Amino acid sequence: MVETRKYISMEELKTHNKKGDLWISIQGKVLDVSDWANNHPGGEIPLMSLAGQDATDAFIAYHPSYAWQLLDKFSNGYYLKDLTVSEASKDYRRLAYEFSKMNLFRDTGYGVFVSLFVMAILFVFSVYGVVFCQGFWIHLLCGGFIGFLWIQSGWIGHDSGHYQVMPTPNLNRFVQILTGNCLTGLSMAWWKRNHNAHHIACNSLDYDPDLQHMPLFAVSSKFFHSLTSYFYDRKMVFNNVSQFFISNQHWTFYPVMGFARINLLAQSLILLLSKRNVPYRKLELLGVVVFFTWYPLLLSCLPNWGERLAFFAASFMVTGIQHVQFCLNHFSSEVYIGPPTGHDWFEKQTSGSLNIQCSPWMDWFHGGLQFQIEHHLFPRLPHSQLRKVSPFVKDLCKKHGLPYNSATFLEANLMTLRTLRNAALQARDLSNPVPKNLVWEAFNNHG
């Protein structure tokens, strides 16, 4: 018996875009993921961000080939009757297929083992220097070693969150907890939740948490309208306090980045102690407890509070280099307001990212972030493959008239500072008074 397909329109699909009534489409087949969103390995945020839309490009980007076999159980029997696919998306999908045939998504290298060995050496040297050596400068150097250790841990955590860097999933999870939670105090569950939201809604001012740094920073004057963060589920209020900080943000950027990790530690604890659904919560908490045990204990081995503060500052300021790198890839790129859209997902990823030009021998310093466009389009690609696929991505962008922005490390820093300075000057020159409270703002802006 021939099955009769049932069709709905894109407009009807858009009405199923909320918790409890969440539909998406993959290649025109409509899926009802309402009851499964909380169990989605990538969290519910990516599904909520693309709810009521065709999410084929995003699905291809984030899922291995075997995931296609799991889709039928979510099918509700409907198909889209008016789905259109841009030429850019068609070429993107073909390119992803070609990369898969070339086995580029398999991490066959030994880079992670080299990184783990380097991290072990840095940790042993730091502990030995603090416990068995004397002298302010030696202890300060040991603090710097801890900072470099955290940077290397960040690269491993980033990669292992996108794809499997170890032979088995259990080993991959072990490495995540060891290098993330135990050695740095950062929750991998927090990182995945935050990073998946960033990737799916790259450079959306109200959906991408990597641009939401009020009251300290604002990359666009659009933040002056007190946007609502759909990641943090709160209003990012622009008031006298935030106006003061933002007016000086091009001066405070590097000092704040030097201690930005404190915020990440706090965000990790907030998530782990919240009522949200956190996979492996107990294991995550145990790893964080390990960090908050060994790091203060190491500090206590130093002879006085002056050296303890110097060690603390050195470790946090060295790893601050990595926080600057995170900002360079997006702060000066194109931004927008609203949720990501499935029909131009490919275009949004390219316009919202900036590559860093560097020689191959400097790839270790950037950890793959220097190919940010390639990484956002193909996040499951091991960073060792990004340089190889770069010419293909560049040609694809050129073919469809899409930006392929890149700059040197120095130029990227200057571009970021210029973006911050422009917003700072606009904050200083505001002609209208800053809203004095939320009631006033709600009445005047929303009627």
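Colleague: What makes the charged end of Arg308 sit over the ring of Trp305?

Modeller: A charge sits over a ring if NZ of Lys or CZ of Arg is within 6 Å of the ring centre and within 35 degrees of the ring normal. The charged end of Arg308 is 4.9 Å from the centre of the Trp305 ring, and this distance is within the 6 Å limit. The charged end of Arg5 likewise sits over the ring of Tyr79, at 3.9 Å from its centre.

Colleague: On what kind of model do these values rest?

Modeller: This is a predicted model, in which local features need pLDDT of at least 70 and side-chain atom pairs pLDDT 80 or more, while totals for chains, interfaces and linings use all residues. Residues are numbered from 1 along each chain as its sequence is written, and side-chain values use heavy atoms, with hydrogens and water left out.

Colleague: Why is Tyr230 called exposed?

Modeller: Buried means under 20% relative accessible area, exposed over 50%, and partly exposed in between (1.4 Å probe, protein chains only). Tyr230 has 51% and is therefore exposed, whereas Tyr207, at 18%, counts as buried.

Colleague: What makes the pair of Phe217 and Phe253 edge-to-face?

Modeller: Their ring centres are 6.0 Å apart and their planes stand at 75°, so the pair is edge-to-face. Phe217 lies in the loop between helix 8 and strand 6, and Phe253 in helix 10 (residues 249-258), 36 residues away. Both Phe217 and Phe253 are buried.

Colleague: Why does Val118 count as partly exposed?

Modeller: Val118 has 35% relative accessibility and therefore counts as partly exposed. Val118 is found in helix 5 (residues 111-132).

Colleague: Why is Ser160 called buried?

Modeller: Ser160 has a relative accessible area of 4% and is therefore buried. Ser160 belongs to helix 6, and its side chain reaches the backbone oxygen of Gly157 at 3.3 Å.

Colleague: How do you know where empty space is left?

Modeller: Rolling a probe the size of a water molecule over the atoms shows it. On a 1 Å grid over the protein atoms alone, a cavity is a set of points where a 1.4 Å probe fits but cannot get out, and a pocket is an open set with protein on both sides within 12 Å along at least five of seven lines; lining residues have an atom within 4 Å of a point. By this rule there are 2 cavities of 30 Å³ or more. The largest cavity holds about 40 Å³, and its lining includes His158, Asp159 and Tyr163. The second largest pocket holds about 940 Å³ and is lined by 42 residues, with Trp190, Asp210, Leu264, His323 and Phe326 nearest its centre. Helix 8 gives the largest share of that lining, 6 residues.

Definitions and conventions:
Helix = DSSP H or I, 4+ residues; strand = E, 2+ residues; numbered from the N terminus. Phe/Tyr/Trp six-rings, centres within 6.5 Å; stacked < 30°, edge-to-face > 60°. Points joined across faces, edges and corners; volume = space filled by probe spheres on them. Polar contact = N/O pair within 3.5 Å; in protein donor to acceptor, adjacent residues only side chain to side chain.
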